[in-house]
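Welcome, and thanks for taking a look at this chain with me. Please have the viewer open beside the text as you read.

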Amino acid sequence: MSTGNGEQHTFRTFQLRNLEDTPGFDRLSDHQKMVTRVVGSVLPFKTNNYVCEELINWDNVPDDPMFQLTFPQEGMLDPEHFSRIADLIKAEVPQPEIKAAAREIQLSLNPHPAGQVEMNAGYLEEEVVQGVQHKYRETVLFFPTQGQTCHAYCTYCFRWPQFVQLDDLKFASKEIDRLAAYLKLNPTVSDVLFTGGDPMIMRTELIRRYAEPLMADDLEISTIRFGTKAPAYWPYKFTEGEEADDLLRLFEEIVASGRHLAIMAHYSHPVELATDASREALRRIIETGAVVRCQAPLIRHVNDSARDWADMITTEVQLGAVPYYMFVERDTGAKRYFEVPLVEAYQIYTDAYKQVSGLARTWRGPSMSATPGKVLVDGVTEIGGEKVIALKFVQARDPDWVNKLFFAAYDEEASWLDELRPAFGEEKFFWTDELNNMKTDTPQRVQLITTRAA
């Protein structure tokens with residue numbers, strides 16, 4: 001492992017409380033400044049000095065994709081909701097009144113889609129294991145308490161409730177011992193994904209405290225994953241000082257233990273891979289033996305361009321990373337502002353796919369992480385004279401559904417699975433009845449279905 005350079009960048013965050021200190025903020029129009037305050041009162045807003053100084057082109061604001069990705073936009077709220085909060089701010093009412101109005105709006109925005117609270121819980125001795133989600137047989141998600149924030153917030157983020165103090169809906173746990181006990185009782189689990197928030201917001205000593213127990217000989221964990229935006233939003237985490245060196249040393253230890261270490265890096269636009277710091281961060285991570293797998297949703301106003309995706313995917317491969325997923329924007333929060341209809345998403349994916357080499361075609365999409373599972377839009381075609389959308393599960397609550405093709409009637413407007421209807425006059429999809437049974441069954445029974453052996 002190489003040693004990080006001696007230069008140290010100071011991490012500074014900017015939110016509503018210190019909005020006027022944000023680099024570039026003085027270049028915004030008065031209306032855009034008000035938009036930031038209004039929408040930022042409902043949906044989370046946080047950026048940092050690296051994003052503002054290295055990634056945003058302030059000459060192209062408000063259309064700049066990184067500005068759209070990190071700063072609140074007016075279209076993220078329904079007009080009536082925007083007006084309601086704007087009127088309260090202009091009237092200079094007390095903050096508790098603004099927060100109460102914002103809470104009503106937040107609760108109307110489907111804060112936890114796809115059965116996350118009801119159907120994904122993990123159980124130990126009939127009690128919920130806090131901070132654990134177990135939707136698919138092989139993979140457990142774990143939410144370390146200290147990792148439930150990020151270096152900057154993405155405006156599209158489906159985990160926005162984590163950041164607006166919806167505490168009863170917040171996933172978080174520091175009970176690594178209970179996670180280990182849960183894994184021992186579920187030997188079908190091979191992968192643990194640390195997520196958040198962003199676990200890379202934590203200091204290395206905390207990351208180590210969570211990761212080391214998973215390397216115990218009595219656990220059958222073969223893969224440790226970290227879901228993170230840090231290589232894009234704060235690459236200095238991996239490049240500067242003893243803290244970075246210690247983190248990369250931990251990565252080396254995980255790899256040396258015989259486990260696969262996957263850094264699930266969220267790159268949303270080619271500019272995030274264009275800085276010297278981001279490229280050095282990637283180089284250092286890969287040098288440890290970790291595999292960097294890249295994923296992002298397709299986001300209107302940010303990356304809804306085949307050219308942007310082709311450039312991003314090609315750069316990832318050139319830098320030694322593995323393109324992994326194009327996701328469909330989830331049905332929560334500001335979805336309507338960012339969503340791309342499924343048919344259009346498939347065309348963008350196909351047009352980009354045509355432009356990249358074979359090594360870049362490890363990349364799958366568009367994929368929806370919906371209630372029944374991870375559903376891939378596999379094609380648009382015609383069968384028996386009917387135009388249809390071909391779909392299949394790449395992961396599912398019931399493993400028997402995986403890789404089975406099914407078909408939806410062609411619909412140019414649909415942007416999520418529940419907006420599609422079955423093709424060929426069928427009343428329901430093949431998985432509908434079993435999913436409905438899961439929804440009404442006991443959580444423990446759902447978990448048994450999820451974790452049963454193949």
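Predicted model: local features only at pLDDT ≥ 70, side-chain atom pairs only at ≥ 80, totals over all residues.

**The chain as a whole**

Let's begin with the overall picture. The chain holds 16 helices and 14 strands. Its C-alpha trace spans about 55 × 50 × 50 Å along the principal axes. The radius of gyration is 22 Å, which agrees with the value near 22 Å for a compact globule, because that is what the rule gives for 454 residues. Of these 454 residues, 59% count as buried.

Contacts across the sequence are worth a look too. Among contacts between residues at least 6 apart in sequence, 73% join residues at least 24 apart. The accessible surface of the chain comes to about 18900 Å², and carbon and sulfur atoms account for 46% of this area. As for charge, the chain has 47 positive and 68 negative charges, and their mean positions are 2 Å apart.

Now zoom in on α14, which covers residues 342-353. This helix has 12 residues and reaches 16 Å from its first C-alpha to its last, close to the 16 Å expected at 1.5 Å a residue. Which residues of α14 are buried? They are L342, V343, A345, Y346, I348, Y349, T350 and A352.

K354 sits in the loop between α14 and β11. Is this residue, K354, buried or exposed? K354 counts as exposed because its relative accessibility is 58%, and the cut-off for exposed is over 50%. K354 and A306 are 48 residues apart in sequence, yet their C-alpha atoms are 9.4 Å apart in space.

T332 is found in the loop between β10 and α13 (335-338). T332 counts as buried because its relative accessibility is 3%. Leaving aside neighbours within four places in sequence, T332 is in contact with L109, N110, P111, P113, F158 and W160.

One of those partners, F158, has its own place in the loop between β5 (139-142) and α7 (176-185). F158 and A334 are 176 residues apart in sequence, while the C-alpha to C-alpha distance between them is 8.7 Å.

**Backbone details to check**

| Item | Backbone feature | Value |
|---|---|---|
| V61 and P62 | cis peptide bond | omega about 10° |
| G196 and G197 | cis peptide bond | omega about 15° |
| E92 | positive phi, not glycine | phi near 55° |
| F424 | positive phi, not glycine | phi near 60° |

P62 lies in the loop between α2 (49-55) and α3 (65-70), and G197 in the loop between β6 (191-194) and α8 (204-211). E92 belongs to the loop between α4 (79-90) and α5 (95-107), and with a relative accessible area of 71% E92 is exposed. F424 is in the loop between β14 (405-409) and α15 (432-440), and F424 is partly exposed at 39% relative accessible area.

Definitions and conventions: Residues numbered from 1 in each chain as written. Heavy atoms only, no water. Helix = DSSP H or I, 4+ residues; strand = E, 2+ residues; numbered from the N terminus. Expected span 1.5 Å × (residues − 1). Buried < 20%, exposed > 50% of the residue type's maximum accessible area, 1.4 Å probe, protein only. Rg over C-alpha atoms; globule rule 2.2 N^0.38 Å. Contact = heavy atoms within 4.5 Å. Areas by Shrake-Rupley, 256 points an atom, 1.4 Å probe, with all protein chains shown as cover. Lys, Arg positive; Asp, Glu negative; His and termini not counted. Charge placed at Lys NZ, Arg CZ, Asp CG, Glu CD.
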